[in-house]
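Let's work through a few exercises on aromatic rings. Have the model open and follow along step by step.

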Amino acid sequence: MVKFTKQFEGQLVPEWKEAFVDYWQLKKEIKKIHCDSTSFTSKPKQKSSLTNFLFSPLQKLSLFGNERCNREVIHVHSKLASTSSRALLYETEVLEQFDQTEAASKFFALLDHQLNKVNEFYRKKEKEFLDRGECLEKQLHILVDLKTALKYQHKNKANSSHHDSKDVELSGTISCDEESSRGMTEQDLQEVEDITEDLDNNYESPRLKEEEPNLSGVTSNNCHGKKLKIRIPLTNPTRTFSYLLWEDLINQSSQKQSSHGKKLHINKTKLHHAEKMIRRALIELYKGLGYLKTYRNLNMLAFSKILKKFDKVTNKQVLPIYLKVVESSYFNSSDKIIKLADEVEEIFVKHFTEDNRRKAMKYLKPTQRKESHAVTFFIGLFTGCVIALFVGYAIVAHITGTYRPQTNTIYMETVYPLLSMFSLLFLHFFLYGCNIFMWKKTRINYSFIFELSATRELKYRDVFLICTMSMTVVIGVLFVHLSLMSKGYSYSQVESIPGLLLLVFLLLLVCPINILYKSSRYRLLSVLRNIVLSPLYKVVMLDFFMADQLCSQVPMLRNLEYVGCYYLTGSYKTQDYGYCVSTKNYRDLAYAVSFLPYYWRAMQCARRWLDEGDTGHLINLGKYVSAMLAAGAKLAYEKERSLGWLCMVVIMSSIATVYQLYWDFVKDWGLLQMNSKNPWLRNELVLRRQFIYFFSMGLNLILRLAWLQTVLHYKFGSIDYRLTGLFLAALEVIRRGQWNFYRLENEHLNNSGKFRAVKTVPLPFHEVDEQD
């Protein structure tokens, strides 16, 4: 049977952990009471054993039992927190003499504090969700009225020659309420991912319930110089560009008054997006209400369990008295959240799934994908295939002397970059799978931080399956290619095989057929697109996280650039592997490839500074500028091989390394805090063993100094220098893998302080002044 402590820790909402009952601290207090009472009463119990033996049967009689039950051990007082608030504060008075009165009083003081904390947090979140629900209800009424008016006007003007299928002109004024846009700011409008992504790939805009063409909600009095306007969040470049082509839902330039009121121009495309925004907001609201229900149930169970433990240790009857107070307290007695959840269900079923409740529950309560044993089986199968094929490849390469210096120059210049590229890519992907496993084990809510769909996100087993399956194909094809060359086939006959392998992977990445994790592949492509166009729109967590990964994959990108050049220019037909190195245009392209990841990341920092005004982003931008300068010095040194450029490499790389180490330890990981309760670490830690953090810092320092190989040129025996470069690039990928865990740990802990467990989905309809 699972202990309640593990059950409690496993079911609580991670972002609200600090707001839950501190069950662990209460257990410590009970343990202190137990230890003190044991040492204090050990001797008296030996002397009175005969008395207890004689009078214990008498205590079971009704007379003695009633007297014991009527005698209260504690009394819980309640008082108003303030004159303006109806919130109650609870304070317990210990009436009966305990063996350790001071320890018992301290326990109840802590228990009262936890109860007051839970009530305060519940009241705050309840008000937040109720306000959100009220605002959503008004937004939905406006949406229904506009769609009804659009359909009604469309029928009346169907035969008009001036009718436009996209824009319909209506007469009337808009009823607006200043509370309809409560709490929404310009920044809130861009906090979420593209709302056109839905939980269901085949989702179509639901048909709202047909109503009579009554414009009472649309035509009403003017709202004191206010107009209704729709705002679509510009969360990706496509929407940013197309926004210039879209018209406002309500044409703000139309100031002419008709006899019936104002002229309204309704754009069906924007109305469709507004509908999706409201739908997404309802789903997030329902999720938040579910979290609040879990919060109430778990806390109620925690109070019950801790009081049982107290009664067991002290042999008192405290549970019935205090539990009545807990049951009558606000967080357990209020039913507003339950009513609101029922209303959200009814609204969603009625307006978005055409009264299909089962379909509505798929959106409101999406079920997690069941992990199949077949996935684990194929992971083991492909892992064995990778090992077997790699051993065979290594044996053939050793026999033919492929990786010895100046033995097979054409192979090392043409095929090996492809193997190196795939090795670095899938090593990085494998480490991402390890990160997912550790995030899940330590209850870091990576899905919420990255804004991933619960039904589409990759599990760590899926990532491992992709890695093992892909590397099986890569090593298998290259093993066949090397075997054919060893048997005497000419390069012209087998040289196209590596190029075809790369082409297959690229086609699979953009394949529109719903096979092999289509949603994840397209999400990757959209994030890469966002990175390339990052200065043009607001940067979200997943975008700059992925851009950081690209900064560690510069060798992989350079190999991809070289292989692409080799096959696109037709050099593979003549084995002219030096063409892409000697041509000026492609040499300049190599410089650009080395700079681009740092440039993209620097532009993201600049955009975040522009949006948020935090100067810390400018300091972070300096880190990537120093990395760009170090990369440029290294490229110049590889070309010139002069003492001057060697000095520049040492100077620029040293500055960049110190800069990056400071940012890693202090900013990204939140470590090296001298005034913390954990020496040199942050106050809150996910991992229990502190030495792991110090070991990670030391390992990060060593891996950051891998650039010294550029200066030392140390040779590992007769191994080709390209293998040494692959080894150093792999070390950087490993460093990035461990950085990912601590980076998300820091993000998780910082977010927990804000108690944000659901996404803030912007609402479409807002009010603007007439003069605006």
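**Exercise 1.** Find the ring that the charged end of Lys-667 sits over.

*Solution.* Start with the rule: NZ of Lys or CZ of Arg must be within 6 Å of the ring centre and within 35 degrees of the ring normal. Now try Arg-123: its charged end sits over the ring of Tyr-330, 3.9 Å from the centre.

A word on the source: this is a predicted model, where local features need pLDDT of at least 70 and side-chain atom pairs count only at pLDDT 80 or more, while totals for chains, interfaces and linings use all residues. Residues are numbered from 1 along each chain as its sequence is written, and side-chain values use heavy atoms, leaving out hydrogens and water.

**Exercise 2.** Classify the aromatic pair of Phe-20 and Tyr-295.

*Solution.* First, rings of Phe, Tyr and Trp (its six-membered ring) pair if their centres lie within 6.5 Å; planes under 30 degrees apart are stacked, over 60 edge-to-face, the rest tilted. That gives 38 aromatic pairs. Next, Phe-20 and Tyr-295 are 4.8 Å apart, centre to centre, with 70° between the planes, which makes them edge-to-face. Finally, check burial (buried is under 20% relative accessible area, exposed over 50%, partly exposed in between, with a 1.4 Å probe and protein chains only). Phe-20 comes out buried at 1%, and Tyr-295 is buried at 0%.

**Exercise 3.** Classify the pair of Phe-422 and Phe-505.

*Solution.* Their centres are 4.8 Å apart and the planes make 45°, so this pair is tilted. As for burial, Phe-422 is buried at 3%, and Phe-505 is buried at 18%.
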